Amino acid sequence: RCNHLRRCSAAATFSTLKPTTSQASTPAAPQAPPLGKYAVPSRYLQPHPSNNITPHIASLVGRDLHLRPSHPIGIIRSKIQEYFASLSTDNNTTYTIFDAEDPIVTSQQCFDDLLIPSDHPGRAPSDTYYVTDSSLLRTHTSAHQSQHLRSGVDAFLCCGDVYRRDEIDATHYPAFHQMEGVKLMSNESMIGADGLNEEQWLQSPECQLIEADLKATLEGLMDHLFGPTEKRWNDDFFPFTQPSYELEIYHNDEWMEVLGCGVIHEQVLHLSNRSDRRGWAFGLGLERLAMILFKIPDIRLFWTEDERFHRQFKEGKIVEFQPYSKFPPVFKDIAFWTNDESTANQDDFVENDFFDLVRSTAGDLVEKIELIDSFTHPKTGRSSRCYRISYRSMDRNLTNEEIDGLQFKVRDETATLGCELR
């Protein structure tokens with residue numbers, strides 16, 4: 001939830017491992033895991049003018065990391081569901097579990113039903129992977145909120161993979177996993193809310209009751225995952241909740257944001273045919289929590305099939321990740337003009353298009369891309385950018401010859417963005 005609107009990274013601050021020169025043993029041959037029913041790349045690579053899904057992204061759909069019981073993402077998912085299952089004995093609330101939803105949703109589900117404005121940057125093709133002009137790979141699990149509310153479910157958890165075009169570094173990846181939670185309060189507890197205007201509702205005891213239940217529930221979740229820990233709440237803004245909050249915990253001597261939440265906006269409930277009810281919702285990123293709890297330094301590791309990674313984890317257990325290699329990076333720079341003299345002082349370059357192009361060409365060998373120089377020519381008005389691409393394998397040493405080949409492909413493909421190499 002909070003990640004979708006503020007472009008938060010998958011983790012707050014993480015210590016990186018120091019490079020070593022030691023050579024690791026040859027990695028075990030990848031074990032091909034069973035794929036989910038949505039692992040059909042051709043389904044996402046449609047010949048539609050609005051389609052911007054790359055083969056790399058299509059190959060990630062249906063991997064179902066959150067359903068693997070011994071995978072860090074699956075372990076975190078299971079522990080969260082375990083906590084909410086325990087609440088049923090305390091407050092007689094049973095949370096229905098949804099963790100195998102179709103990743104293709106409509107723009108109505110993903111944006112309109114959640115009151116996300118039509119001009120919000122999250123709707124743009126530079127941020128979102130579209131299948132057609134009205135269907136897309138979900139950018140958050142909140143995209144399923146309206147359908148489950150319409151079905152009559154009063155409390156549920158929805159977990160799945162989500163997709164966003166984003167920067168490239170150790171805490172960002174175009175596919176990751178979220179957990180959405182929703183609870184509607186009983187009609188009996190909300191009787192006093194009938195007929196209130198917006199200002200009256202926000203000051204009402206009923207709204208405060210929802211807020212208190214929400215915060216107590218999520219503080220309990222953090223204690224369940226991290227043990228007793230200091231917490232603090234900050235006011236926030238999301239279009240689909242009012243009031244809205246973010247929760248931070250004090251962990252490893254620093255404050256870290258872990259989730260966003262709030263009281264469900266009346267209009268969202270109205271659009272879901274549940275205007276007679278009130279309730280709360282939250283959303284959190286599983287990678288963020290897993291990187292903290294397992295001390296995993298690079299988000300790409302979640303997608304590896306290297307047995308040296310997977311054999312470290314067991315169902316239901318949180319253990320510290322033990323690095324098995326740290327191979328040296330290979331750095332390559334690329335510089336280009338983003339416009340020509342006929343469009344001087346007008347730069348339509350979209351950085352995420354370039355990031356997606358590099359990821360599609362070199363896959364997970366790309367560790368990081370950073371802008372190291374930019375300028376506008378004082379006479380011609382042309383804009384120039386220079387990026388440094390860090391290539392690093394998590395499994396083996398890379399050679400300059402291998403990366404030179406990839407870099408030449410990146411250079412050739414960059415021209416398709418209307419850029420001129422320098």
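These notebook entries record what I looked up in the structure, which is a predicted model.

**Entry 1: a pair of helices**

I began with helix 11 (residues 351-362) and helix 12 (residues 400-414). Their axes come within 10 Å and cross at roughly 140 degrees. I therefore recorded helix 11 as oblique to helix 12. I also noted that the crossing of helix 11 past helix 12 is right-handed.

I then listed the residues that form the contact. Helix 11 contributes Phe-354, Leu-357, Val-358, Thr-361 and Ala-362. From helix 12 come Leu-406, Lys-409, Val-410, Glu-413 and Thr-414.

**Entry 2: helix 9**

Next I asked how many residues of helix 9 (residues 286-294) are buried. I found that 9 of the 9 are, so helix 9 is largely enclosed by the rest of the structure. The buried residues in helix 9 include the charged names Glu-287 and Arg-288. Among the others buried there are Leu-286, Leu-289, Ala-290 and Met-291. Ile-292, Leu-293 and Phe-294 of helix 9 are buried as well. After helix 9 comes Lys-295, and I noted its positive phi, near 55 degrees.

**Entry 3: cysteines**

I searched for disulfides, and the count came to 0.

Cys-158 is buried, with a relative accessible area of 1%. Cys-261 is buried too, and its relative accessible area is 0%.

**Entry 4: backbone details**

I looked for a cis peptide bond and found one between Gln-242 and Pro-243, with omega about 0 degrees. Pro-243 belongs to strand 7 (residues 241-251).

Asp-64 is not a glycine, yet its phi is positive, at about 55 degrees. I located Asp-64 in the loop between helix 2 (55-60) and helix 3 (72-91).

Leu-115, likewise a residue other than glycine, has a positive phi near 65 degrees. The loop between helix 4 (107-110) and strand 3 (135-137) holds Leu-115. Is Leu-115 buried or partly exposed? I recorded Leu-115 as partly exposed, with a relative accessible area of 25%.

Definitions and conventions: Residues are numbered from 1 along each chain as its sequence is written. This is a predicted model: local features need pLDDT of at least 70, side-chain atom pairs count only at pLDDT 80 or more; totals for chains, interfaces and linings use all residues. Side-chain values use heavy atoms; hydrogens and water are left out. Axes are lines fitted to C-alpha atoms, for helices over the stretch in contact, and angles run from 0 to 180 degrees between N-to-C directions. Helices (H or I, at least four residues) and strands (E, at least two) are DSSP runs, numbered from the N terminus. Angles under 35 degrees count as roughly parallel, over 145 as roughly antiparallel, 65 to 115 as roughly perpendicular and the rest as oblique. A crossing is left-handed if the near helix is turned anticlockwise from the far one by less than a right angle, and right-handed if clockwise. Contact means heavy atoms within 4.5 Å. A disulfide is a pair of cysteine sulfur atoms within 2.5 Å. Buried means under 20% relative accessible area, exposed over 50%, partly exposed in between (1.4 Å probe, protein chains only).
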